[in-house]
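Here are some friendly notes to read with the model open beside you.

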Amino acid sequence: MPDASSAVTCLLAIALLLLGPIARAALRERLHPAVVFPVHWGIVLILILAAGPLGLYSVQPLAAALFVFGAVVFIGGSKAGDHLALVTTVGRSFNPWEHLNYRRLMALCAVLHLIMLPMWWQEITTIAGETSDLLVIGFQVRYKTVLGEEAVGPLVGNYLVLGFVIVPILVVGAYRGFASGLAVFAIAAPWVMANLITNGRSALVQLIVALAYIIFTERKPVDARVILTGLGITFSIIGGGVLLVAKGNTSAEDPIGDIALAVLTNISDYLLQGPILFSRYFTDEIRITPTWDALVFPCTLLQYAGLCKVGAQHQDFSDFGQFDQIGNIYSVYFSIFPKYGLLGVVLILGGYGAWAAFHHRRHKSGQSIVHTLIAAYLFAAIPLSIFADYFAPNLNFLIKTAIIAALLQRFVSKRPTTRPTHAAIQLRGHA
């Protein structure tokens with residue numbers, strides 16, 4: 001029989017689930033950031049309570065109450081951002097997705113791969129000690145990244161970032177029938193593989209969530225094959241990440257059943273440990289020194305001038321279960337509350353809700369590739385907030401995304417046809 005604190009936490013989890021329909025009624029949309037945020041956190045709290053027999057610690061009512069408060073603030077901010085987008089939207093019929101020249105874009109990407117992939121391979125093999133084993137290379141590169149050292153140079157690094165901008169654009173083109181799906185896969189695959197080996201799976205998981213958001217907000221119904229394909233790619237990427245860093249001492253030589261079990265265990269650990277560990281920190285059950293910061297971007301700029309130092313990304317490990325279950329994932333609240341307190345929760349969560357809702361509404365109007373990509377990545381951070389050390393994607397990345405998308409929309413478009421209309425032909429005849 002559950003104790004009193006678990007019963008209170010369960011009631012607060014139900015309150016989070018109920019906030020979803022309230023946000024849906026207020027914003028009149030089903031797949032809206034303000035709808036997904038409370039429902040996702042409510043489901044995770046329910047799963048944590050259900051996993052109690054497996055030895056996982058529970059989330060204390062005080063921490064669960066903070067999660068409910070944060071969801072209410074997020075919904076309030078989303079309502080404000082949604083209203084701002086509605087009153088500032090200019091009615092236009094231009095659809096940039098139809099005018100984008102996908103064939104030219106893919107040709108440019110193919111040339112870019114031919115130039116950059118050899119440079120990428122040279123840099124990562126140098127890091128890994130001239131080995132050709134992809135698993136060894138991936139492990140060495142990830143190990144160097146964890147230590148805070150630069151894995152690849154800026155040119156190769158920006159090439160990898162470019163993939164997170166162009167791949168969603170090409171996927172939308174293929175989904176709408178403007179581009180060949182096979183050709184898009186051929187262009188996207190090198191970027192996915194290179195990023196998995198160099199940067200691990202976290203950014204790719206964010207890319208997958210962003211793509212899911214874009215596809216599920218399309219007017220075209222989602223085919224079951226698309227969902228199954230997406231799930232297969234997701235599990236392959238997560239499984240690849242497990243093998244690259246040997247999570248749970250898993251190796252490629254293990255039976256497929258053991259690898260699948262390791263992947264599922266890794267997913268459940270990442271999904272559930274964040275709220276548990278934040279709760280234990282919040283209620284003084286564990287003591288660590290927080291170094292996460294939701295507003296870290298200004299510090300990253302000042303760091304180049306020696307005026308600021310970014311805190312460590314990897315926190316101290318702590319128990320989140322009774323059976324040697326340890327982790328260092330503390331959820332997004334850990335990047336806000338320790339430094340900024342309750343006021344920071346109001347301002348940062350409310351501001352982020354407004355920001356995400358604003359771009360979501362502009363994305364729904366279909367008039368800007370920039371708004372679509374920004375909305376997708378802001379949305380992707382919401383389900384990942386369970387374990388992320390930031391709330392939004394890196395602001396540097398969002399700025400690059402906006403600039404690249406705007407340039408593509410402006411300069412990689414089909415030339416407008418200038419066929420004279422019937423009325424114009426008649427006018428010429430009269431003249």
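1. A word on naming before we start: helices and strands here are DSSP runs, a helix having at least four residues and a strand at least two, and they are numbered from the N terminus. Please also keep in mind that this is a predicted model.

2. Let's begin with the rings. How many aromatic pairs does the structure hold? There are 23 aromatic pairs. One of them joins phenylalanine 278 and tyrosine 281, a tilted pair with 6.3 Å from centre to centre and 45° between the planes. Both residues belong to helix H11 (residues 256-282), and because they are three residues apart there, about one helical turn separates them. Phenylalanine 278 and tyrosine 281 are both buried.

3. Next, have a look at tryptophan 292 and tyrosine 330. Their ring centres are 6.2 Å apart and the planes stand at 80°, so this pair is edge-to-face; the cut-off for that class is over 60 degrees. Tryptophan 292 sits in the loop between H11 and helix H12 (297-303), while tyrosine 330 sits in the loop between strand S2 (326-327) and helix H13 (337-365), so the pair ties together parts that are 38 residues apart in sequence. Tryptophan 292 and tyrosine 330 are both buried.

4. Lysine 220 lies over the face of tyrosine 175, 4.7 Å from the ring centre. Arginine 410 does likewise with phenylalanine 411, over whose face it lies at 5.0 Å from the ring centre.

5. Back to H11, this time with a partner helix. How do helix H2 (residues 33-50) and H11 cross? Their axes come within 10 Å and cross at roughly 90°, and H2 and H11 are therefore roughly perpendicular to each other. On the H2 side the contact is made by His40, Trp41, Val44, Leu45, Leu47 and Ile48, and on the H11 side by Leu271, Leu272, Pro275 and Ile276. Sorted by class, this contact of H2 with H11 has nine nonpolar residues, one polar residue and no charged ones.

6. Now for some backbone angles. Most residues other than glycine have a negative phi. Arginine 28 is not a glycine, yet its phi is positive, near 60°. You will find arginine 28 in the loop between helix H1 (4-27) and H2. Is arginine 28 buried or exposed? With a relative accessible area of 77%, arginine 28 is exposed, because the cut-off for that is over 50%.

7. Serine 331 also has a positive phi, about 70°, although it is not a glycine. Serine 331 lies in the loop between S2 and H13. The relative accessible area of serine 331 is 0%, so this residue is buried, the cut-off being under 20%.

8. Threonine 401, in helix H15 (residues 395-411), counts as buried at 1% relative accessibility. Leaving out residues up to four places away in sequence, threonine 401 touches Val165, Leu373 and Ile374. Valine 171 is placed in helix H7 (residues 154-175). Which residues does valine 171 touch, not counting those up to four places away in sequence? They are Val184, Leu211 and Ile215. Valine 171 and valine 184 are 13 residues apart in sequence, with 6.7 Å from C-alpha to C-alpha.

Key: Residues are numbered from 1 along each chain as its sequence is written. This is a predicted model: local features need pLDDT of at least 70, side-chain atom pairs count only at pLDDT 80 or more; totals for chains, interfaces and linings use all residues. Side-chain values use heavy atoms; hydrogens and water are left out. Rings of Phe, Tyr and Trp (its six-membered ring) pair if their centres lie within 6.5 Å; planes under 30 degrees apart count as stacked, over 60 as edge-to-face and the rest as tilted. Buried means under 20% relative accessible area, exposed over 50%, partly exposed in between (1.4 Å probe, protein chains only). A charge sits over a ring if NZ of Lys or CZ of Arg is within 6 Å of the ring centre and within 35 degrees of the ring normal. Axes are lines fitted to C-alpha atoms, for helices over the stretch in contact, and angles run from 0 to 180 degrees between N-to-C directions. Angles under 35 degrees count as roughly parallel, over 145 as roughly antiparallel, 65 to 115 as roughly perpendicular and the rest as oblique. Contact means heavy atoms within 4.5 Å. Ala, Val, Leu, Ile, Met, Phe, Trp, Tyr, Cys and Pro count as nonpolar, Asp, Glu, Lys and Arg as charged, and the others, Gly among them, as polar.
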